[in-house]
Amino acid sequence: MKIEKIEMRRLHLPLKQAFEASIGQQTMRDFLLISVHSEGETGYGESVAMPLPFYNEETTETVLYMMEALLIPMLLKNKIERPEDVARLFAPIRRHHMAKSALEGAVWDLYAKQQGISLAQALGGKRKEIDVGVSVGIEPTVEEVVSKVEGFVAEGYKKIKVKIKPGFDIALIDALRKRFGDDLPLMADANSAYTLDQIDLIKQLDDYNLIMIEQPLAHDDIVDHARLQSQLKTPICLDESIHTVEDARRAIELSSCRIINIKVGRVGGLTESKKIHDLCQENNIPVWCGGMFESGVGRAHNIAITSLSNFTIPGDTAASSRYWKQDIVLPEVEFLKPGVLAVPEGPGIGYAINWEVVKSLQVLEKSFRPENVTIG
C-alpha cells in the first residue's frame, strides 16, 4: 500500500441542539476529516477530539499539530502492508490516540476498498444489523429529560443513556422508572462527576435496575472503581479510564468494572479497539461502542466495529438525524427498522462523501505528499 497523498480538512458541523453532560456543553463539532489516497482509492477517517480538553487531554488543535508535524509525515515516509502496521508505526508516540485513530481509520477504509470488502468484513465482523441506543444530555429540568426520552422510546432506540451529575441524578432516574417502568433498558453516565465520598449516594442507584453506571469516578482511575464496584449490584462501565488493551487488562484483573465502553478514537483506532474487544470476550466482559458526536464517517467506523461478536450491548451510534440537520455522507445513516442500523456491505465504510456539504462546512484544507513533508 503506497500512500500517495493525504488530505486534511477542518469542518465546523453545528448540532441541531446543544448537548450537555457533567463535563460541559457542546453546540458544534469542530473536527478533522482525513482522506488517504492510494492507487485510485480513497479511505476516510475522522478525528473525534473536542475543541477544549474536558473529555481528555486532546483538542482539535493538538490533533492538527500532531498530524502535520509527525503522524502524516511518518505515514507518507513508510510503507504500509496492512492497517495494523499503522498502530505499530505510531507506537513510539505516547498517547495522542484521537490523532492516531483518525489516520488509522482512513487506512482501514482504504485497505478494505482495495480488497473489495466492507470495513466490517475486514475487521472480522459477522453481524448484518446492529442495535443502537441513544444518549440524552442534561436538561434544565427532570421533566424535560423525561419528555425527550419519550420521543426516543417512540423511535425504537434499544437503550436509553442519560447523563447525570451531583444534584441531577436520583430524582431523574426515579422519574424515568416511574414513567417507563423497569423494562426500559436504562443506564446512567456520570462522566467522572463523583468521588468515593459520595458512595452512599451512588449506591442509591442500585434500586433502579440499571444496565450500568458509566464512569462514576475519576477519568483516569481504576483503583477506586474497584472499591466502588465491590459495593454495588449494578455493573460499572469504564469509559475514560480505558485507553489501551493494557488498561482493560488491569481493570479486569482488579474487578474495577463489569462492562467496558470502547470508543475508537479514545483507544487510538480500530486495531486497538479490536484487541480490547477480544480481551473482554475472553474474560466474559461485554462491550459496547460509545459515541463522540461523530459525523457519518466516524459513525460508519463505529458501525463496522460494532459488527464484532462481543458488542452485545446497544451502542451510541444513533442515526444521523439525531444530531445533524445534514450529515456529510450519502446516504445519511438511517434506521433499517426502529433502533436498528444495517451494517454496510459495500467496499470500505459503505458511504460516499457529500462534498457539497463538506465544502459548506470547511474552514481549513491542507494536502500532503511524500515529497513535501518532513518529520518534526
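Modeller: Before we start on this predicted model, one term: a residue is buried when its relative accessible area is under 20%.

Colleague: Fine. Which residues of α9 are buried?

Modeller: In α9 those are V245, D247, A248, A251 and I252.

Colleague: And what makes you say that they line one face of the helix?

Modeller: Look down the axis of α9: the buried residues fall within an arc of 155°, so they line one face.

Colleague: What covers the buried residues of α9?

Modeller: The cover includes β9, β10 (259-262) and α11 (270-282).

Colleague: On to the annotation. Which residues does UniProt list under "binding site"?

Modeller: The unreviewed UniProt entry gives D189, E214 and D239.

Colleague: How do you know that they gather at one spot?

Modeller: They span 51 residues in sequence, yet no two of their C-alpha atoms are more than 9.6 Å apart, so one spot it is.

Colleague: Why is D189 called buried?

Modeller: The cut-off is under 20%, and D189 has a relative accessible area of 0%, so D189 counts as buried. D189 is in strand β7 (residues 186-189), and among the residues it touches are K161, K163 and E214.

Colleague: What makes the D189 and K161 side-chain pair a polar contact?

Modeller: The distance is 3.4 Å, and the limit for such a pair of N or O atoms is within 3.5 Å, so the pair qualifies.

Colleague: And D239, buried or exposed?

Modeller: Buried: D239 has 0% relative accessibility. D239 lies in the loop between β9 (236-238) and α9 (245-254). Its side chain makes a polar contact with the side chain of Y55 at 2.8 Å. D239 also touches E214, Q215, N261, K263 and R266.

Colleague: Are C257 and C289 buried or exposed?

Modeller: C257 is buried, with a relative accessible area of 4%, and C289 counts as buried at 1% relative accessibility.

Technical notes. Residues numbered from 1 in each chain as written. Predicted model: local features only at pLDDT ≥ 70, side-chain atom pairs only at ≥ 80, totals over all residues. Heavy atoms only, no water. UniProt positions renumbered as here; feature names shortened; annotations may be inferred. Helix = DSSP H or I, 4+ residues; strand = E, 2+ residues; numbered from the N terminus. Buried < 20%, exposed > 50% of the residue type's maximum accessible area, 1.4 Å probe, protein only. Contact = heavy atoms within 4.5 Å. Polar contact = N/O pair within 3.5 Å; in protein donor to acceptor, adjacent residues only side chain to side chain. Arc of directions from axis to C-beta. Lists of a residue's contacts leave out its neighbours within four places in sequence.
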